[in-house]
Amino acid sequence: MKEGAIGIGVNAGYAPGHGQKEYFALAEFAIEYDVPTLTHVRYASNTEPQSSFKELIGNAAITGAHMHICHINSTSLSDIHATLALVEDAQAKGIRVTTEAYPFGAANTVVGAAMFSGPDWRDRMSSTANNFQLGADRMTEDYQANNPGTFITWHFLDENKPEDLALLDASVTHPSVLVASDSVFWSYFDEDGNVKTYEGDEWPLPEKAFTHSRSTATFSKILRSYVRERGRLSLNEASRKMTLMPAQTIEDSVPQMRNKGRIQVGMDADIVIFDPATIADLATFANANQPTVGVQTVLVNGGFSVRDGELVLDAPHGRQIRNFAAD
């Protein structure tokens, strides 16, 4: 914290042995250093006991800490309306709780995660091994037993079903929910069929590399689907969710963020220029290695990161973000 960390990541959904006292202690530690906690809640479930949003909100209410819920869509599953109501009630009472969502009905996680264990996990998660996807293929439970650390795509909602898409839309379009990517690293299959993490710096990326679509297409999907094609968000509201709201979420504890998400004199020149009529996400769950189209320019701190639609590979303009004022 003293070296400038912007918050405390709490991966509770992957640490089933942690206790409520430990989590409460982290909330107290966060308020001591005036930083938020950013929590993947304890578990997700469509059956009782359901997800642990009340535990998070209770810690925020008692300690006064700012506690952020990571991707409320995938941690709520089909219970999104009830969890959004909890967040609304907490915020109305002045409790410092924020949240975000990504616009996909599939998550990315390890196939052997604790939430996919125990005799009742299929009922709790409304899933089977067929909900897991690795590259272009659906999986079997043999992989879950023998390669538990493999990162996979987990389909928790089916966007082709109107009732499931409506649940996803409820999270993405809610006024208090910002849009986040939750991007992850790239993987590939080696010659023996083992999944490896890609650590190179080639551009374009090797054709064999794969990841979750949210790593490459979150924001362009919002602009294509939610703004242009389906009209679920205005362009201004979508822009607010993707730029200003993330900055506002942590600007109380991270002064640099007060200069982000606004196009005003004196603000940091972090600007994306795109064509609203053509911007589109090409990434799919089977092939996420497809960059967005329709982006003409990206400026980072006033310097080109994308120019005339081409990535500037040696752009030196980025700066570190810390929880204290920059020199």
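**Figure 1. Helix H1 of the predicted model spans residues 20–33.** Helix H1 contains 14 residues and reaches 20 Å from its first C-alpha to its last, close to the 20 Å expected at 1.5 Å a residue; the expected span is 1.5 Å times one less than the number of residues. Helices (H or I, at least four residues) and strands (E, at least two) are DSSP runs, numbered from the N terminus. This is a predicted model, in which local features need pLDDT of at least 70 and side-chain atom pairs count only at pLDDT 80 or more, while totals for chains, interfaces and linings use all residues. Residues are numbered from 1 along each chain as its sequence is written, and side-chain values use heavy atoms, with hydrogens and water left out.

**Figure 2. Buried and exposed residues of H1.** Tyr23, Ala27 and Ala30 are the buried residues of this helix; buried means under 20% relative accessible area, exposed over 50%, and partly exposed in between, with a 1.4 Å probe and protein chains only. Seen down the axis of H1, these buried residues fall within an arc of 60°, so they line one face of the helix. The arc is that of the directions from the helix axis to the C-beta atoms. An α-helix has 3.6 residues a turn, so residues three or four places apart point the same way. On the other side of H1, Lys21 and Glu32 are exposed. The buried residues pack against strands E1 (8–10), E2 (37–39) and E3 (67–69) and helix H2 (53–63). Aspartate 34 follows H1 and has a positive phi, near 55°.

**Figure 3. Arginine 42 in the loop between E2 and H2.** With a relative accessibility of 15%, arginine 42 counts as buried. Leaving aside neighbours within four places in sequence, arginine 42 is in contact (heavy atoms within 4.5 Å) with Ala12, Gly13, His18, Gly19, Gln20, Ser52 and Glu55.

**Figure 4. The open sheet E5-E8-E6-E7.** The 4 strands of this sheet have antiparallel pairing; two strands pair if DSSP finds at least two bridges between them. Strands E5 (106–110) and E7 (137–138) stand at the edges with a single partner strand each, so one side of each is left without a neighbour in the sheet. Strand E6 (residues 132–134) is joined to strand E8 (residues 151–155) by 2 bridges. Phenylalanine 132 stands opposite tryptophan 154 in E8.

**Figure 5. The largest cavity and its lining.** On a 1 Å grid over the protein atoms alone, a cavity is a set of points where a 1.4 Å probe fits but cannot get out, and a pocket is an open set with protein on both sides within 12 Å along at least five of seven lines; lining residues have an atom within 4 Å of a point. The largest cavity has a volume of about 100 Å³. Of its 14 lining residues, Asn108, Phe151, Phe210, Thr211 and His212 lie nearest its centre. Strand E8 gives the largest share of this lining, 3 residues.

**Figure 6. The open sheet E12-E13-E14-E15.** This sheet has 4 strands with antiparallel pairing. Its edge strands, E12 (271–274) and E15 (310–311), each pair on one side only. E12 and strand E13 (residues 295–300) pair over 4 bridges, and the bridge partner of phenylalanine 274 in E13 is valine 295.

How values were computed: Grid points are joined across faces, edges and corners, and a volume is the space filled by probe spheres set on the points.
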